[in-house]
Each structure stands twice: as structure tokens, then as C-alpha cells.
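Reader: Can you walk me through this one? I'm new to reading structures.

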Amino acid sequence: MVRLEPASSCFYSPRVKTRNKRILKLLGAFAVGFVLALVLLAYWIMRAPTTELVDASGRQLTAGAPSVAPAEGFGGPYFADARALIETGQFSEAKQELLRIIEDSDRDGEACVLLCDVLRELKEADAAADYGLKAVKLLPGSPQAHLAYAKALGAQMFADMQSIGGMFSAMKRIRPFKEALQHAIDLDPDDIEARTMLVFFNLAPKPIGDIDRAIETAREIESLDPVAGKRLLAMCYQRQEDTKRAKEILLAGIQESPQEPGLHASLADIYAEEKQFDAADAEYESARHGPRGDDYYRSLYNQARMRIQNKFEPERAIELLDQFIAGDPRGENMPTMAHANWRKGNALEQLGRDEEARAAYEESLRRDPEFKLARESLEGLEVRLNASPSTK
């Protein structure tokens, strides 16, 4: 008769005890390695970015004398040619002009600020951040330098967040991004742009964002620019799903300043989300009673988008988008020509005008070869057409 040992006795047998010791050692080593990895990750996230203060030829960069005359533009008359190229969207040419200035002059700090913005427009985010860091090291007292650097870090974060693997890289940029914005605000107490960027950043979900901080910053902006502040406050309350309060803020602003197109455009966007299409149309039209500024063109685009997303009046959507495209507006938060042509393709598909839709998608990709939505729409259109009996 065979006696079976109790389980507890088996566990403590010499051979099993030796095996268990090995397992415990491995688990301990794994735990130590995991903790060490977390420490190294925290260090990597928190470490300050570095850059070499040299140009492409290895020459040491010099700070130069930053301009403080806004009427002349950053850098004053010396950078007039570069700024003219930037204003007309000739970013590749502006890049070469600014690199020439860095090579030939002692105005490297100012050139780095402008080059940071140009490289960001060219979607060279890493190079933009490097020149932005050069700019803040050369001109630590310049709010323009810190703002340009923050924008470049923001572009890097956006690029990183397109993949799961890039999330760690995005995390390490959060601290320098916020610090750069705060430096810009500290150096220019009347700043609105850096504060606006902080609002948008803090609208992100926790633990990254902080809605209370976003509201606080929006109120700071309201004291400097009542219209911009009210629009941002309304956006904050929308994020909190307090649409009623958001509309109350905008309606109060319209009562105080009925000619401000931005207030009408923001209210129209809320009505569009609520599918109150007639009310939205009325506000979009009111946003276009004034000069043809940013809000004028955004109202055209958003009024068309409302129709396309909700699948009604695609002909009217095309008319609105054609007006937008003809105006060719440019701006930090302006929909691009690639987006406008993609939306136009959506509307044309809804009308069954497939060949025109294909042309619109192709134009969108010509404008931005990396535009994923246009590529997916074009591929979907081709699949549908190839599967249709009428095309066989």
C-alpha cells in the first residue's frame, strides 16, 4: 500500500524547497528589475531636454538682440524677407532664408525662434523642438522664444500620440511644455496665446488635464480679452457637459457685443452638436456679417460639416466649402485645404457624384499626402465602385 504525503509535506521536501528558492530569487530579481525600470522611466520622463548651441557647420550660436517692437514683427526689419515668406506659406523657402541668416549673421536667437515655427509648419517636429530649445537658451528673456518652443513640443506630443509606443515620449514632453508656456506668460503678463494653449491642454482627460485649471486660465483670459475668454469658458463647460451654462455665457457675450463673429460661431457649433440646425444656421450666418477673418471662414467650414455629418443638403455643403476653398484661409487652428477637399468629397459621394468625389479626395491627398482620412475615403470609394455591378 502506497502512502501519499500531505501536500504541505510535499511542498517542504528538499528538492521542492530548492526549486522554490530559485523561483523566489527569480521573482525577486524581476521585482527589482521592474522597480529599476520604473525609476529609469521616471528619470527619462523628467529629464530636461538637451541641445547643442551650434549651427549645421559647427559654429557656436550667438544670441543677438531680440526685437521688442510688435509693429515690426519679431526680429524687426532684418527678418522682413523671412516673415514675408512665412506669411505667404512659403515655408521651405523661409527655412532656407533663416538657415542663411544663422550662417551669416549674429542674430541666431531670433532666427531660431522663427525657424522653430517654420519647421513645425513643415511637420519637422523634432527639428522644430531642437531649434525651439536653442531659442530659449539663447534668448531666455524672450516670451516669443518660449511660446515657439512650447508649440514645437506640442507638435511632438501630437505626433507621438499617434502610436501606443510613442506615448512614453509624449509623457516626457509634458513638463517642459507646461514650463515653456508658463515662462511665456510670466515674461508677458498680457499674453493670451500661451494661456489659450494651457486651456486646451488642461481640457485633456485626467491625469493629464485639469478642468478646474482650464476654467481658471480661461477667466484670466477673459480679463484680458472678454470675447476670447467667454469662448474658452463656454468650451470648458461643454467639456463638463454643462451645455446650458456654456450657451448662457455665449448669449450674454452676444448681448454685450452683438458684432463679435466668434461668439456667434461658438454658439452655432453648440447648436450643431444639439442638432438644432436652424438655430445653428442663423448663428453661422451672423458670424459672417463682419470682415472675412478666421471666424468667417471657420463658420463656412463648420456649417458645411454639420450638413455632411448629418447627411442633409449636401449641395449647400459643397457651396459653402467652395467659398472656403476660394478664400484659402491660413491659421493655427484653421481647417486645411486638405480637410476642406476631403469634406467636399464626402458631400459629392452623398450625391452619387463619384468621379467628382474621387477628384476631391485626390486633391486632398495632393495637398497633404499623409492625410489618412482622405486616403481611407478614396480607398473606400474605389472598393465600392469595383464591387458595383454597373462598373463591371
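**Around phenylalanine 177**

Author: Start with phenylalanine 177. Leaving aside its neighbours within four places in sequence, it is in contact (heavy atoms within 4.5 Å) with Ala150, Leu153, Gly154, Met157, Met197 and Phe201. One caution: this is a predicted model, where local features need pLDDT of at least 70, side-chain atom pairs count only at pLDDT 80 or more, and totals for chains, interfaces and linings use all residues. Residues are numbered from 1 along each chain as its sequence is written, and side-chain values use heavy atoms, with hydrogens and water left out.

Reader: Which residues touch the most other members of the largest nonpolar core?

Author: Leu98, Tyr131, Phe177 and Leu181 do, in a core of 43 residues. A nonpolar core is a set of buried Ala, Val, Leu, Ile, Met, Phe, Trp, Tyr and Cys residues joined through side-chain atoms within 4.5 Å. Buried means under 20% relative accessible area (1.4 Å probe, protein chains only). Apart from that core lies another, of 28 residues, including Leu320 and Met334.

Reader: New topic. How many helices and strands does the chain have?

Author: There are 19 helices and zero strands. Both are DSSP runs, numbered from the N terminus: helices are H or I, at least four residues, and strands are E, at least two.

Reader: Is serine 377 buried or exposed?

Author: Buried, because its relative accessible area is 16%. Serine 377 lies in helix H19 (residues 372-387).

Reader: What does the side chain of serine 377 make a polar contact with?

Author: The side chain of tryptophan 342, at 2.9 Å. A polar contact is a pair of N or O atoms within 3.5 Å; within protein, one must be able to donate a hydrogen and the other to accept it, and residues adjacent in sequence count only if both atoms are side-chain atoms.

Note on methods: Buried < 20%, exposed > 50% of the residue type's maximum accessible area, 1.4 Å probe, protein only.
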